[in-house]
Amino acid sequence: MIRHLASSIPSHLPADIALQLPQGQHLGQPDAPVKLSFSRWSGIARLKAGQIGALAEDYVEGKLQIEGAMRDVMRAVTKLLPGNPVASDMGWWSGLLQRARSLGAHTLAKDAAQVQFHYDVSDAFYALWLDPRQVYSCAYYRDFGDRSDTPTTLARAQEAKLDHICRKLMLQPGERLLDIGAGWGALLLWAAEHYGVDATGITLSKNQHAHVQQLIEEKGMGQRVRMELRDYRDMAEERPFDKISSVGMFEHVGRENMTAYFEKIMRLLAPGGMVLNHGITAGGLENRQLGAGMGDFIEKYIFPGGELLHVSAVIEHLSRAGLEMVDTENLRPHYARTLWDWSDALEARLDEARQVLAADGGPERAEKTLRAYRLYLAGSATSFEQGWLSLHQLLATRPSGDVRQLPAKGARSAYPFSRDYMYR
């Protein structure tokens, strides 16, 4: 068996990968930019089968060592895949099981625990590789650096994204804004400071809640900005909001809860109001997670309970809830670049990251967390580049029912049915 595994690899091994087998043998070019060192033969079997997610788990657990820059590693990984990772293999039985799992995985208690698992790792750890405002979602690059002597920095791209959202929502002074899944408060505070809104943010992350509360106090904005530790399902509906944003949150909602999620937004939104939903969408029509075990790895180590839908399915759920989709923007390449910016920043500060993580959970747990995030950031960047994942901003309205409402007859909302206002 061992001889069979070892002898079968060279014909399938990309030229930019070298291997060290459990008994010390070396395969591939000595100067290959990526080297995989296996401590167990089971890892060789996983490599041969293209089980990328299982190999990633071996790396996190210390059973596989990876040498090489993350960009080189990801280029090599794409050559090891056995097929298209967004191809659906969902039969009726597996689809039924996934539906049952989705329903059971998104109770109030489970969603809170799952969000805290990811976002409460360590504020100091995230601060090492996010921008100064700690915006943990896709940035908006006005140029991609190939035609400019001054490429857009991550910090400026995140500010551009915050402003892009505010302009899309046509925020006006005094309007009531709800930000669902407000993160570390960047959009909440940007909207209040630059557009004069009365802003409410909600989160399930205890770390994020405490961080934003401190920022609000430091800025003296307690009269018109508030942050609540609350599930969106628990929001009172007596005073509807003029505008609602949800950025990088609905991935945690669950496929089977998606219509109910948009129905809740519909009830929280004033007639004629606008909502912008910004989030990751699936690259394929039917796949519920990435194949080759990559989705299983993300579920175990990064985002437990996360579920992705194709944008067409998201629009269907939105429409079932009674909202009218008025604008859709695909920012997929923007998220690829954002993730590479995050990955490069983390790679430049690995020693600091180990120290920060070890202070919270000890050196062994710190090393596992760091390895998982290194693969997650670089792997996600590759997935957006390859089109396996996507990112959409959906702008929708709650129709007022008044066909005479300006700006256009039949608009039934404040939306002008023209994109000119977004780019002035």
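Me: How many salt bridges does the count come to?
Reply: This is a predicted model, in which local features need pLDDT of at least 70 and side-chain atom pairs count only at pLDDT 80 or more, while totals for chains, interfaces and linings use all residues. Residues are numbered from 1 along each chain as its sequence is written, and side-chain values use heavy atoms, with hydrogens and water left out. A salt bridge is taken as a side-chain nitrogen of Lys or Arg within 4 Å of a carboxyl oxygen of Asp or Glu. By this rule the count is 24.

Me: Which residue forms a salt bridge with R167?
Reply: The closest N and O atoms of the pair are 2.8 Å apart. Both residues lie in helix α8 (residues 154–168), and because they are 4 residues apart, about one helical turn separates them. Helices here are DSSP runs of H or I with at least four residues, strands are runs of E with at least two, and both are numbered from the N terminus. The partner of R167 is D163.

Me: Is R167 buried or exposed?
Reply: Buried means under 20% relative accessible area, exposed over 50%, and partly exposed in between (1.4 Å probe, protein chains only). R167 has 14% relative accessibility, so R167 counts as buried.

Me: How many residues apart are D344 and R71?
Reply: The side chains of D344 and R71 meet in a salt bridge, 2.7 Å from N to O. The pair links distant parts of the chain, with D344 in helix α14 (residues 332–347) and R71 in helix α4. Their separation is 273 residues.

Me: Which residues are joined with D351 into one network?
Reply: D351 forms a salt bridge with R354, at 3.2 Å between the closest N and O atoms. These two are 3 residues apart in helix α15 (residues 350–361), so about one helical turn lies between them. Through salt bridges that share partners, D351 is joined with R354, E367 and R371.

Me: How many residues of helix α3 are buried?
Reply: Helix α3 spans residues 52–60 and is mostly covered. Its buried residues pack against several elements, among them α4 (70–80) and α16 (363–386), where contact means heavy atoms within 4.5 Å.

Me: At what angle do α3 and α16 pack?
Reply: Axes are lines fitted to C-alpha atoms, for helices over the stretch in contact, and angles run from 0 to 180 degrees between N-to-C directions. The axes of α3 and α16 are 8 Å apart, and the angle is about 145°.
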